[in-house]
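Q: I have the model open now and would like to go through it with you. Can we start with the sheets and then move on to the ligand and the cavities?

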Amino acid sequence: MLKFASRMDNMSASEIRELLKSASDPQIIKFSGGFPAPELFPVKEMKEASMKVFDELGSTALQYSSTDGYLPLREKLAKRMFDKQQIKTDAEHILMTAGSQMGLDFSGRVFLNEGDVVLLEAPSYLGAINAFKANQPKFVAIPTDDEGMLIDELKKAIEENDNIKFCYVIPDFQNPTGKVWSLERRKQFMEVMTDAEIPVVEDNPYGELRFEGTPQPSLKTMDPKGLVIYLGTMSKILAPGQRLGWVCAEDEILEKYNIMEQASALQASTISQMEVNAFMDMYNLDDHIKKILPAYDSRRKCMIAAMEKYLPEGCKFTRSEGGLFTWIEAPESVDMKALQPECIKRGVAYVPGAPFFPNGGGLNTARLNYSAEPEERIEEGIKIIGDAIKEVL
Ligand SMILES: Cc1ncc(COP(=O)(O)O)c(C=O)c1O
């Protein structure tokens with residue numbers, strides 16, 4: 001009989017990926033993924049950028065390169081982080097990774113021994129929960145409201161738990177809820193973390209996908225003790241297939257991530273880094289983002305309007321100002337997980353919210369993505385979900 005590591009006992013195939021399999025029929029309206037709209041990818045431009053890399057840097061692009069990552073790209077990212085978010089950093093404090101998922105995996109492996117505590121929002125990103133789980137931690141999920149983590153609950157958790165290794169948060173257009181932390185809550189949160197000297201993993205794939213409202217400052221701009229580990233990614237603003245993300249952190253922490261990357265993958269793809277760098281030289285990434293935002297925005301508006309029209313009374317949902325998701329909280333008596341196979345049968349897939357709560361709960365919730373379906377299908381899909389909820393009620 002094969003004997004696997006005990007960590008595998010806690011890990012299962014992502015429920016979301018399993019679900020996507022069952023909803024692979026193109027007829028099914030998919031609110032289940034977190035995929036950018038493929039028709040908006042800059043295919044022609046990326047091809048030009050790639051050709052330039054092969055013409056000018058061919059054999060270097062196909063070679064191994066440093067673990068830190070391609071310097072011209074790291075310099076661009078450091079500048080971009082300042083221009084967009086006033087984060088003062090430089091290329092030396094950026095480590096390129098294969099998407100921010102790798103940064104999440106490294107966060108777990110750099111900080112966690114079995115039984116150590118991870119603080120996180122309830123609900124939180126399932127991909128992060130699964131990545132951390134490999135290290136067999138204890139999750140302490142802090143309740144949230146529309147402004148972010150509840151500070152009293154956070155303080156209580158810090159008092160009650162030893163061995164807290166880090167706190168994982170997504171303050172901008174959270175996955176799964178689409179919510180944004182308020183400025184005040186960010187300040188209070190960072191005061192508590194700074195006092196307690198707890199590292200913060202700030203995951204920000206969606207911050208630049210803002211349709212309306214005022215951008216809020218990154219936690220990394222409120223970090224006098226250098227505790228914030230910022231994870232960025234090209235996945236939602238350019239293309240996830242490039243598999244490029246980055247970790248921005250202070251020396252002592254970044255060195256550990258670098259050692260982990262050496263052991264794990266040696267480096268992020270040389271050619272992918274060069275292609276994205278060439279794209280940013282040849283074209284304006286902001287212009288591309290300006291192109292995708294209105295398309296996502298009209299899909300978001302369409303979904304919200306359909307929710308207002310078709311969801312029964314007692315259902316709450318997020319009117320997100322950006323990102324890719326809305327979040328339904330149905331009345332307590334509605335089990336969105338149990339309802340989900342029925343909705344797939346009727347032609348629409350969403351992700352039940354319960355798996356996003358690492359310690360249980362959230363049965364009446366669901367995450368809906370609006371970026372990957374055309375508007376007419378969005379309205380149709382929400383009507384099906386609304387009708388299914390009404391029948392249960
Ligand atoms: C909150 C969050 N973090 C990290 C990731 C991973 O993104 P990637 O590895 O493509 O950068 C995702 C992907 O959906 C996400 O929603």
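Q: How many strands form the open sheet with mixed pairing, and in what order?

A: Eight strands form that open sheet, in the order S2-S9-S8-S7-S6-S3-S4-S5, and the pairing is mixed. Strands (E, at least two residues) and helices (H or I, at least four) are DSSP runs numbered from the N terminus, and two strands pair if DSSP finds at least two bridges between them. The model is a predicted one, in which local features need pLDDT of at least 70 and side-chain atom pairs count only at pLDDT 80 or more, while totals for chains, interfaces and linings use all residues. Residues are numbered from 1 along each chain as its sequence is written, and side-chain values use heavy atoms, with hydrogens and water left out.

Q: Which strands stand at the edges there?

A: Strand S2 (94-97) and strand S5 (148-149) stand at the edges, and each has a single partner strand, so one side of each is left without a neighbour in the sheet.

Q: And S3 with S4, parallel or antiparallel?

A: Strand S3 (residues 117-122) and strand S4 (residues 138-145) run parallel and are joined by six bridges. Within that pairing, Glu121 has Ile142 of S4 as its bridge partner.

Q: What about the sheet of four strands, what is its order?

A: The order of that open sheet is S10-S11-S14-S13, with antiparallel pairing. Its edge strands are S10 (316-317) and S13 (351-352), each of which pairs on one side only. Strand S11 (residues 325-329) and strand S14 (residues 365-369) run antiparallel and are joined by five bridges, and the partner of Phe325 in S14 is Asn369.

Q: Switching to the ligand: how many residues surround it, and which are the closest?

A: The ligand is surrounded by 15 residues, and the closest are Ser100, Asp203, Tyr206, Thr233 and Ser235; a residue counts as near if one of its heavy atoms lies within 4 Å. By class the shell holds six nonpolar, six polar and three charged residues, where Ala, Val, Leu, Ile, Met, Phe, Trp, Tyr, Cys and Pro count as nonpolar, Asp, Glu, Lys and Arg as charged, and the others, Gly among them, as polar. Helix H4 (residues 100-111) gives the most to this shell, with three residues.

Q: How far is Thr233 from an oxygen atom of the ligand?

A: A polar side-chain atom of Thr233 lies 2.6 Å from a ligand oxygen atom, and for Arg243 a polar side-chain atom lies 2.8 Å from a ligand oxygen atom. Gln101 comes in through its backbone, with an N or O atom 2.9 Å from an oxygen atom of the ligand. On its own the ligand has 390 Å² of accessible area, and the protein covers 92% of it; such areas come from the Shrake-Rupley method with a 1.4 Å probe.

Q: What lines the largest cavity?

A: Its lining has 15 residues, of which Gln85, Asn204, Glu208, Tyr230 and Trp246 lie nearest its centre, and about 140 Å³ of space lies in this cavity. H3 gives the most to that lining, with five residues. By class, the lining has seven nonpolar, five polar and three charged residues.

Q: Where is Pro123, and what kind of peptide bond joins Ala122 to it?

A: Pro123 is in the loop between S3 and helix H5 (126-133), and the bond between Ala122 and Pro123 is cis, with omega about 0°. A cis peptide bond also joins Asn175 and Pro176, with omega about 20°, and Pro176 is in the loop between strand S6 (164-169) and helix H7 (183-196).

Key:
Polar contact = N/O pair within 3.5 Å; in protein donor to acceptor, adjacent residues only side chain to side chain. 1 Å grid on protein atoms, 1.4 Å probe; cavity = no way out; pocket = protein on both sides within 12 Å on 5 of 7 lines; lining within 4 Å. Points joined across faces, edges and corners; volume = space filled by probe spheres on them.
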